Amino acid sequence: MPLELASFFRTTLPLDLTGLDALDDGRYHSLWLPDHLVSFWPDSIWTPEFTDLAQVSPSPHRYLDTVALAGAVAARTTGTRIATSVLDTVRRHPVMLAQSALTLSHISQGRFILGLGAGERENLTPYGFDESARVSRFAEAVRLIKLLWAADGPVDVAGRFFTLTHARLDTEPHTSGPPPIWIGANGPRMLELVGELGDGWWPTGSAGPDTYAAQLATIREAAERAGRDPQAITAAKMVVCLIGEPEELTEILRRPLVKSLVLQLTADALAEAGHRHPMGERWRGIQDIDPRVLTRDRLLTLFEQVDPAAILSVVPHGTPEQVAEQIGAFGEAGAHVVSVLDYSGMAGRAFAADSARKVRAVEDLLLARTGSTP
């Protein structure tokens with residue numbers, strides 16, 4: 001199956017909507033809008049001491065509201081799908097998610113994809129959100145959203161997490177149908193829920209093509225048990241990579257913000273590649289990032305322990321040709337939509353200025369490699 005491309009749309013300040021025309025020309029299957037309060041880059045090292053990117057932006061956490069921004073993007077585009085990547089069911093009540101998704105579907109003329117997940121620590125813990133039973137809460141929330149979209153009158157729900165009494169959402173879906181729900185999932189229970197409830201799947205993290213294929217098989221088996229068509233679930237993948245010539249990569253991997261990429265990698269993925277994770281054998285990657293405890297001193301100690309070879313063992317890297325080949329392996333593992341996220345841009349302003357060109361080169365090679373057409 002030919003691969004389709006997705007592109008991330010930045011949801012941080014400074015806001016720039018001027019490039020939307022170039023993203024709406026048919027090249028991309030969808031535009032993915034991240035949803036965060038806090039970024040994965042610790043602010044304790046977002047200083048001129050560690051990166052010249054701090055001269056461009058005073059903070060890595062200047063996020064805008066993704067739902068509101070998705071409306072602006074939808075109103076300024078006509079063909080490309082718009083997807084939240086991903087909203088969580090802890091910070092947003094499912095009734096409001098259901099209403100927002102219908103609104104965005106109507107604004108976009110049926111092009112909106114509701115990306116949902118169970119939540120990540122960096123967006124929950126600092127703000128006092130209840131992190132308990134996140135997966136169970138997620139499952140109940142998704143079922144409630146679907147119930148509200150399908151109901152032809154008021155509904156009553158007495159759930160474990162949500163209670164509705166004579167509650168109505170009379171706004172009908174767009175004529176194209178209710179928005180598809182794509183689920184961000186990695187763990188066993190979440191993968192089962194993708195098969196049972198999801199229309200698409202996009203995992204985060206550092207798992208390679210073999211793990212991706214095994215997880216997709218789990219999803220499809222769950223779909224069959226639920227009486228659903230397994231092939232109707234769109235398999236997607238955000239691929240974090242490092243694009244550059246060998247000498248560039250050597251320099252890139254010296255930079256603190258790039259070294260911090262190890263925080264997004266799981267201990268299991270590094271262990272499979274023969275490396276020990278400096279955060280310990282139970283580290284779950286982005287699920288465990290807590291910005292409050294990532295002090296300057298702790299990160300400096302971490303950087304001394306980071307083995308660049310460990311990062312390269314699980315992150316696609318190399319020239320555009322090499323990265324395209326590595327990402328193409330996800331297509332062979334079952335991915336249908338991929339986004340190329342070049343982390344080398346975090347090495348500094350000079351690398352960031354060249355990152356878009358590198359990503360474009362990888363995308364072109366991917367399209368040619370898989371026989372796809374933009």
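I take a polar contact to be a pair of N or O atoms within 3.5 Å, where within protein one must be able to donate a hydrogen and the other to accept it, and where residues adjacent in sequence count only if both atoms are side-chain atoms. The model I am reading is predicted, with local features needing pLDDT of at least 70 and side-chain atom pairs counting only at pLDDT 80 or more, while totals for chains, interfaces and linings use all residues. Residues are numbered from 1 along each chain as its sequence is written, and side-chain values use heavy atoms, with hydrogens and water left out.

Entry on Asp 88. I looked up its side chain and found a polar atom of it 2.8 Å from the backbone nitrogen of Val 90, and the side chain also reaches the backbone nitrogen of Arg 91 at 2.6 Å. Asp 88 belongs to strand β4, residues 87-88 (strands are DSSP runs of E, at least two residues, and helices runs of H or I, at least four, numbered from the N terminus). I noted that Asp 88 counts as buried because its relative accessibility is 4% (buried means under 20% relative accessible area, with a 1.4 Å probe and protein chains only). Leaving aside neighbours within four places in sequence, its contacts include Asp 35, Gly 117 and Leu 124 (heavy atoms within 4.5 Å).

Entry on β3. I found 4 of the 5 residues of strand β3 (81-85) buried, so the strand is largely enclosed by the rest of the structure. Strand β2 (28-34) runs parallel to β3 and is joined to it by 5 bridges, with Pro 34 opposite Ser 85.

Terms used. Buried means under 20% relative accessible area, exposed over 50%, partly exposed in between (1.4 Å probe, protein chains only). Two strands pair if DSSP finds at least two bridges between them.
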